[in-house]
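Trainee: Please take one part of this structure and look at it closely. Then show me how other parts are built.

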Amino acid sequence: MPERTKLLAAALAPESTSLTGKSLSVTGLRKSYSGTTVVDGVDMEIAAGEFVTFLGSSGSGKTTTLMMLAGFTEPDSGTVSVDGRDITKLNPGKRDFGFVFQQYLLFPHMTVTENVAFPLQLRGVPKAEIRRRVGQTLEAAGLARFAGRKPRELSGGQQQRVALCRVLVYRPPIVLMDEPLGALDKKLRDQMQTEIKSIQRELGLTVVYVTHDQEEALVLSDRIAIMRDGRIEQFDTPRGLFERPRTPFVADFLGAANFLNGKVEEPTADGCTRVRLDTGGVLTARAHSCVPGQRVRAAVRPGKLRLVGVEEGCCSGTVETAVYVGSLTRITVRLDGAAPGTPPLRIETAHTPPRPGERVCVTAAREDVSVFDEMDGG
Amino acid sequence: MAGTALAPGKVRVKTSAKRGHRSRIALVNAVPVTLFLLVLFVYPIVGVLSLSLKGDSGGFTLHWYTDALSGANLSVLISTLRISAETAVLSLLVGFVLAHAIARMRPVFAALAMLIVVVPHFISALVRTYGWIIMLGEHGLINTLLTSIHAPGAPYSLLYNETGVVIGTTSVMLPYTVLVLQGVMRGVDGRLLAAAAGFGASRSTIFRRIYLPLVAPGIGTAGLLSFILCLGYYITPALMGGDKQTVVAALIDQQVMKQDQWNSAAAFGVILLLLTFAGLGVLGLAKLRRTKAHTRRSGS
Amino acid sequence: MMELPATRAGHIGRGITATAILLFLAMPIVIILVTSFGADGIGTFPPKEYSARWYEQMAAPGSDWATSIALSSLVATLTTVFSLILGVTAATALARGRLPLHAAVYGLVLAPLLIPQVVIALGLFLFFEPVGMLGSPLAIALGHTVLAAPIAVLIMISTLKGIDERLEDAAAGMGAGRMTIARRITFPLATPGLIAAAVFSFITSFDEFFIAQFMSTPDTRTLPVLVFNALQFDVDPTVTAVSAVLIALAVLALALVALVRKLGGHRNQQQGVLPVEPLT
C-alpha cells in the first residue's frame, strides 16, 4: 500500500467509488504550420489506466501532439479516439478531459474555492454538493486554510496543487499534463511526482504527460514515447527503451551511448551477431537480424564498457583522460586506428581507474551491445 | 530549431474553421468604430477639404490658400510654427532633465514626480492655463518672489507675450515628452555606460558618445510629437498671448465664429492638417527605419 | 548590477533642478486651489481671508455655472456610453481577432488623438451646422466621442491584451461555453479596464473645450466654454471655484482608476492613456 499523500487523499475525498480511466487511440496524426511540419504521423494506443509520457527536446512536436489530443489544436490529418469513439472534431470542453498546464492557469479573479468549484458549476452539480466536494478536496489536499485566497497570494507549489485539485474534483477519466512541474524547484518537483503517480495508480486514471526531463519521465511513466522531429522514435517501457533501443537516437538520448562502426561477420554458434569493428576488435551482440557483410553501428553505454586485460577480440586503445566524479570515474579512451575527428570512447568505471596514457583494452557483454544499420541516423 | 517558434507553448485554438470564425467576429466588432469615425471624423475633414477648395461662386479655387499664405495670415502661420518649435525645444529640454532625474530617483520619489508630471494632463487645460495666469501675472507669485529678492529687471512681463504662451504650452506638452523620454531611458543598459567608463571615457564623453545616441530616437519622437500637438493648440495662446501671438487655431475660431469666413478657415485647417501629416510622416519613417534595422539584425 | 555610480554633485544638482521644475509645474494648480477659498477673489496670493463664497455662487440654483455643469454632465455621460460601446467592440476586434486591415483600423482609431483638434472641431461644425444640430447635447457628445473613443479603445486594447487568453482556453477545456467564458472569466478580468475607460472618457468630454466651443449656442454652453469666456472677457472670481472643482474631479477620477486597478491586482499603471506607446 503506497503512502497516502495529501493530494491522493484529496482525489479520493469526494467519492469512494474508484474510477477507471479510458483508453486513447491515435492514428496518423499530422500537423504543420506554414509549411513546417511539426508533427509528422503519430500513431499510438494508450490503454486505460496507463501513464504515458511524451519525452523529447523542444521542437520535437511533443506539446503540439498533446494539444491535438486535447483539442486545442486541430490536426491536419489523423484521428483521436477515446474508447473507440472518434473525438477528433470535438471541442476541448466536450471531451471531458482534465488539463494541467505548466503555467497553472488558475483564474486570477477567483479564490481558490471558486477556482476548484468552477468545473463542477459548469457540470451543473447542485450547490450544496459543490460546497461539500470542494471543501473535502481542499481539506484533504491541505489547502483548506488558503480557500479564500486569490491565486497570486499562493506560492508556486500551492498554485500547482490547486490546479491539480481543480482537475481531480471533477474526475475526468483522461488527464493531459503539459510540463506541469516545470516551474517548481527540484525538491517540490520530486514530491509532486510521487503524488501524481500515486493518484494516477489509485484512481486508475489515464494520464498523458509531456516533459523534457528524462528522470521525471522514467519515474512517472508506464510507457514513454520518445519524440524527435515530429515522430515517435520509440514507444516502450522505460526498461525497454534502455535495454532495447530501436534507433541510435534513442540509445544516445536516454543515457549517452558510444557508437562504433563495423561490419557483420558470420554469426556465432548460438545465433549472436558478431561485429568486426573498423578500429579492430570484435563486439558480440544478442540476436539481431543482420546479414553477414552488412555495415552496422554498435552502441554501448559508457557504464557497460569494461576494461579488461588483453583478451581475444578486445579493442585496444590509450587512456586520454580520467576524471573522478564521486561514485565512479569517467574515462575517455582513444582506440587504436580510430579515424581522426571521431570522439573517444566514454567509459564509466567504479574500479580503480587507469592513468592517462596507459594502454587498455575494452570490451562489452553481449547483452549490453545494440546493433543498428549504419544508415540509421543518430 | 524550426519547431521551437512554432510549437505552441501557447495553448491556442488554431483550427482553420475557428480562424475564419475569429476574423468574422473581429470584422463585426470593428464595424461600429470604423463607421463612427468615417462619418464623424473622416467625412467632416473631407468636408473641410472640399470647402477650402470651393470659390464663393462654387467653382474650384486655390485662392483661400494663397490668401492664407500671404500678408498678415502668413505671419500668423509663421508665428504658430515658431511657437510650436520653441515649445518643442523647451519641453524637450525640461522633459529630458526631468526624465533623466526621475530615472535615477528612488522609487518613491520617482512615483511622486511622475504623479506631478502626469496628473495635470488629466486636469482641464483651461484650468491649468488659468493657474499660470494667476502665477505669472505682474503681481503674481513669480514676480512677487523675484521682486522681493531684488532680481535685476523684476517684475518681468511673463504674460500676454510669447514667453507666457511658450511656458503654458510647454507645461501642456511635458507629460508627453517625459513619458516618451522615460521609455527610451529605461531601455538604456546602464552597463554600457559603465563599460565606457572602464575604457577611460569621461562623464561628458559618455553622455555625448554613448547616452545621447542611445536615447536619440526618443528625443526625435518627443520633439516632433510636441511640435505636432502644439500646431493646432488654442487655449493657451488665446488666454496667455497678446495680439502678436495669434495662432492658426485662434484665427480659424475667429473666422468661423465672428467673420463667417468658413472657406478661409477650412484652408487654414487643411494647412494645419498637412503640417501634422508631414510631422507624422517623419515619425513614421524614423520608426520604419528602426524596425527595418532591427529585423535585419534579428534576421541574420 | 554594474552601473556608473552617480557623483555626489551630479546627484544633488539633478535633485535640485528636478524639484524646482516639479514645483513650478505643481504651483499653478496649488494656487488655484488656495485662491478658490480666498475671500477677495483673484487679489493677492496667498489670500488674507478665507471663505467658501465662490463655491456658493457657483452652486447657486439658476446660475450659468450650475446650468452648464448640468449640461456638461449630460454630454459627458452620453460620451462615456458611446465610447464604451465603441471601445469594447473595437478593442475586441483589434486585440483579439484576426482583423483584416488591422493597421488601417488601428491608424484610424489613433488619428483623432494626433490631428489638430481645431480641424476636428471645424469639421464637426460644418457637419452639424446644416442639419441644425448645433447646441444639441447629443451632437456635442457625438463630437466628444471622436476624441474619447480612441482613448477608450486604447485602454480596452491594453486591458484585453493583459488578460491571458489561455485562461479562457483553460475554462473551455473544462467545458465552459462561449457565453460562460465571457461572463465568468473575461468580463470580471476586464472590469478595471472598463472602469478606467469610462472614467477617462467622462473627463475627456467634461474638460473638452474646442469642439464644444464650435458647437455651442448662447443657450447651450458647456462648462469649459463658460470658463473660457469668463477668463477671456469678464473676470468672475467664481471661476476659481469652478477650476478647483475640475481639479478635484480629475484627481478623484485618477484615484478611482488607481484604486480599481490595485484591487484588480494590476501592477501596470498608466497604460494606453497618452497615445505615446504606439508612436515609439
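Mentor: Take Ala154(B) and leave aside its neighbours within four places in sequence. Ala154(B) is then in contact with Asn143(B), Leu146(B) and Thr147(B). Keep in mind that this is a predicted model. Ala154(B) sits in the loop between helix H7 (141-148) and helix H8 (162-187) of chain B. Glu138(B) is 16 residues away from Ala154(B) in sequence. In space, the two C-alpha atoms are 9.5 Å apart.

Chain B also meets chain C. The contact takes 83 residues from chain B and 77 residues from chain C. On the chain C side, helix H1 (residues 8-35) gives the largest share, 14 residues. That side of chain C divides into 59 nonpolar, 12 polar and six charged residues.

Stay with chain C for a helix. H4(C) runs over residues 102-114 and has 13 residues. From first C-alpha to last, H4(C) reaches 19 Å, close to the 18 Å expected at 1.5 Å a residue. H4(C) has a kink of about 25° at Leu108(C). Leu108(C) and Pro112(C) are both buried, and so are Val105(C), Val109(C) and Leu114(C).

Now the strands of chain A. Four of them form an open sheet in the order E2-E1-E4-E5, with antiparallel pairing. Strand E2 (36-46) and strand E5 (85-86) stand at the edges. Each has a single partner strand, so one side of each is left without a neighbour in the sheet. Strand E1 (residues 24-33) pairs with E2(A) over eight bridges, in the antiparallel sense. Within that pairing, Ser25(A) stands opposite Glu45(A) in E2(A).

Strand E11 (residues 258-264) of chain A has its own pairings. With strand E14 (residues 295-300) of chain A, E11(A) pairs in the antiparallel sense over six bridges. Gly262(A) stands opposite Val296(A) in E14(A). With strand E12 (residues 273-277) of chain A, E11(A) pairs over three bridges, again in the antiparallel sense. Lys263(A) has Arg276(A) in E12(A) as its bridge partner. As background, strands of a sheet pair through backbone hydrogen bonds, either parallel or antiparallel.

Definitions and conventions:
Residues numbered from 1 in each chain as written. Chains lettered and ligands numbered in written order. Predicted model: local features only at pLDDT ≥ 70, side-chain atom pairs only at ≥ 80, totals over all residues. Helix = DSSP H or I, 4+ residues; strand = E, 2+ residues; numbered from the N terminus. Expected span 1.5 Å × (residues − 1). Bend = angle between axes of the 7 residues up to and from the residue. Buried ≥ 20, exposed ≤ 12 C-beta atoms within 10 Å, placed from the backbone. Pairing = 2+ DSSP bridges. Contact = placed C-beta atoms within 7 Å. Nonpolar A, V, L, I, M, F, W, Y, C, P; charged D, E, K, R; others polar.
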